[in-house]
Amino acid sequence: MAYEQVKVETPLVLRILPVASILLFFGVWQAVVELKIVPNTMLGSPTQVMALFWEKLFEANPDGAVLTTHAYISIIEAFTGFFLSLIVGVPLGLLMGWFALAEGLARPIFELIRPIPPVAWIPLTIFWFGIGIPGKVFIIWLSGIVPCVINSYVGVRMTSPTLIQMARTYGATDWDIFKKICIPSALPMVFGAMTISQAYCWTTLVGAEYLAADQGLGYLITMGRRLAMPTMVLLGMICVGLTGVAIGIIIERIEKRLLAGIRR
Amino acid sequence: MSTTTTAASSIANEIQQEVMERKPFSIVAFLKNRWFLYAISLTAFFALWKYVDYTRVLGNGIAAPEKVVVAIYRLMIDTVAGKSLWGHTWASLNRILIGFAIASSIAVPLGILMALNRYVNAVVKPVFDLIKPMPPFAWISCAILWFGIDEPSKIFIIVVGTFVPCLLNSYMGIRLIEPQLYDVVRMLGGSRRDEILQVGFPAAFPAIFAGLQISLSIAWTCVLSAELVSARSGLGFIIIQGMQLARPDFVLAGMVVLAFWAWATTLIVTYLEKFLCPWKRETSLA
């Protein structure tokens, strides 16, 4: 071994500072609300948010559903959109990466649709599907499919040419090469797509629920605004953030488990 | 079907490539030509679009392509809420430019500072990690409660949305520099200042630019969603206006113009990057 692992002790200041910073952040937030520097119609304090969280677990009013229902609806929508985008996007991207026919036919349409932000589809979606769950799933699907296609495409394209030439030398057909070399070598990129696409889906969900919803975390935030209850807005935001982080961690775990045998 | 990955690094390879490319004309080769396929695909796309409109499968929910073109033309001449299409485009673009400028001028230096200084990092990182997972849309309600529905709230949303990728990328850009590069500067007798100026900035530049690139596309999404929720001008306003008037041709016209500008601004940043940072290795595919 050329280098020896040296364990460096972090100075005490560096260990205290992050904690102090967090405490200061919440302290200032609480103080600003308590001392009425910012009126309570604009900002709720952390303790108020905690209290509302506890209350919303059991109390459906004033927005019509308890917190767990909102979260459940949101997760269902996000995951339906996410899985649909995986099911369509990954094979499409893989095929586009290897078969000229697939690329030639799918690429122009993909490039036309890609620059449109998914949120821009909301009005059309309302025309087409109404304001139910299918419309929201459609928007989430649109936002999730882009990274899926791009990553799978790039993954196949980055396959080492040596491997392909080797397979060709041994007389493998195009389909064989695609199946046995391109797909396995694209897998890490495909799983990267899973992570990105999940994050996109979760982000877009809130946007989709803004305009057209009757349940869900995004709806909770919107209702908080309409009722001028900043505490509810903050509660919704925190729930969205935390759930997003939790889903991200779970996906990362799955990715690690599935990719355990594959060299990067 | 042939792979195009043959490396033309030697003369032998080049000749081989030429021989491979010099093929007699054949129908199959013509049918598999990339541009031919692109043309087919686009034709099919627009034909399908037209067909869906013609059969009224989606009822009044879609407008034929030519109606969208007419709508764009009409929007350019007529005014909606006192502004022509150019005025609305500029309204959106203006918000993006202001928000983007504010966010990048704070986030990029802060990210670099966090990567270079442990103490700054220890103070800022925990708070940033708290704010990071919140989707930009989630801030719209806050923005409206704090700033009303005027210009500041839209700019605030863009700033919040673009701040995160800007900061993250400049931070990671500096952090992920290969340590060997620093070793070289140190070996040649460079000071800490040299390390930062000669290695840190040039090496992190592509990553920082990638962050700006991501921010820009997020900025378009942000401005659009902000305008969809509440606005008197902007491309999102046109789209929402089309929805309220049940005019899908206006909605689609807004989307087409939006897609064009989002694409154009991305292109500008890509070229700017090529111009400003020619040492970047070509890694962006697709």
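In chain B, 67% of the contacts with a separation of 6 or more are between residues 24 or more positions apart. A contact here means two residues whose C-beta atoms, placed from the backbone, lie within 7 Å. This is a predicted model, where local features need pLDDT of at least 70 and side-chain atom pairs count only at pLDDT 80 or more, while totals for chains, interfaces and linings use all residues. Residues are numbered from 1 along each chain as its sequence is written, and chains are lettered from A and ligands numbered from 1 in the order in which they are written.

Chain B has twelve helices and zero strands. Helices (H or I, at least four residues) and strands (E, at least two) are DSSP runs, numbered from the N terminus. Of the 286 residues in chain B, 37% are buried. Buried means that 20 or more other C-beta atoms lie within 10 Å of the residue's own, exposed means 12 or fewer, and partly exposed is in between, again with C-beta atoms placed from the backbone.

## Chain A: spread out

Chain A is built from helices too: ten of them, with zero strands. Its radius of gyration is 24 Å, well over the 18 Å that the globule rule gives for 264 residues, so chain A is more spread out than a compact globule. That radius is taken over C-alpha atoms, and the rule is 2.2 Å times the number of residues to the power 0.38. Along its principal axes, the C-alpha trace of chain A spans about 75 × 65 × 30 Å.

Buried residues make up 42% of the 264 residues of chain A. As for contacts with a separation of 6 or more, 71% of those in chain A link residues 24 or more positions apart.

## Where the chains meet

The contact between the chains takes 48 residues from chain A and 51 residues from chain B. On the chain B side, the elements giving two or more residues are helices H3 (34-55), H6 (118-131), H7 (138-147), H10 (192-229), H11 (235-244) and H12 (248-276). Sorted by class, that side has 39 nonpolar, eight polar and four charged residues. For the sorting, Ala, Val, Leu, Ile, Met, Phe, Trp, Tyr, Cys and Pro count as nonpolar, Asp, Glu, Lys and Arg as charged, and the others, Gly among them, as polar.

The axes are lines fitted to C-alpha atoms, for helices over the stretch in contact, and angles run from 0 to 180 degrees between N-to-C directions. Angles under 35 degrees count as roughly parallel, over 145 as roughly antiparallel, 65 to 115 as roughly perpendicular and the rest as oblique. From H9(A), Ile221(A), Thr222(A), Gly224(A) and Arg225(A) meet Ala138(B), Ser141(B), Ile144(B) and Leu145(B) of H7(B). By class, this contact has four nonpolar, three polar and one charged residues.

## A crossing inside chain B

Within chain B, helix H4 (residues 65-77) packs against H12(B) at an angle of about 75°, with the axes 8 Å apart. H4(B) and H12(B) are therefore roughly perpendicular to each other. H4(B) brings Lys67(B), Val68(B), Ala71(B), Ile72(B) and Leu75(B), and H12(B) brings Asp249(B), Phe250(B), Leu252(B), Ala253(B), Val256(B) and Val257(B). These residues divide into nine nonpolar, no polar and two charged.

H3(B) is a 22-residue helix reaching 31 Å from its first C-alpha to its last, close to the 32 Å expected at 1.5 Å a residue. That expected span is 1.5 Å times one less than the number of residues.

Most residues other than glycine have a negative phi. Ala246(B) sits in the loop between H11 and H12 of chain B and is exposed, with 12 other C-beta atoms within 10 Å.

Over in chain A, phi of Ala228(A) is positive as well, near 55°. Ala228(A) lies in the loop between H9 (217-226) and H10 (230-258) of chain A, and it counts as exposed with 12 C-beta neighbours inside 10 Å.
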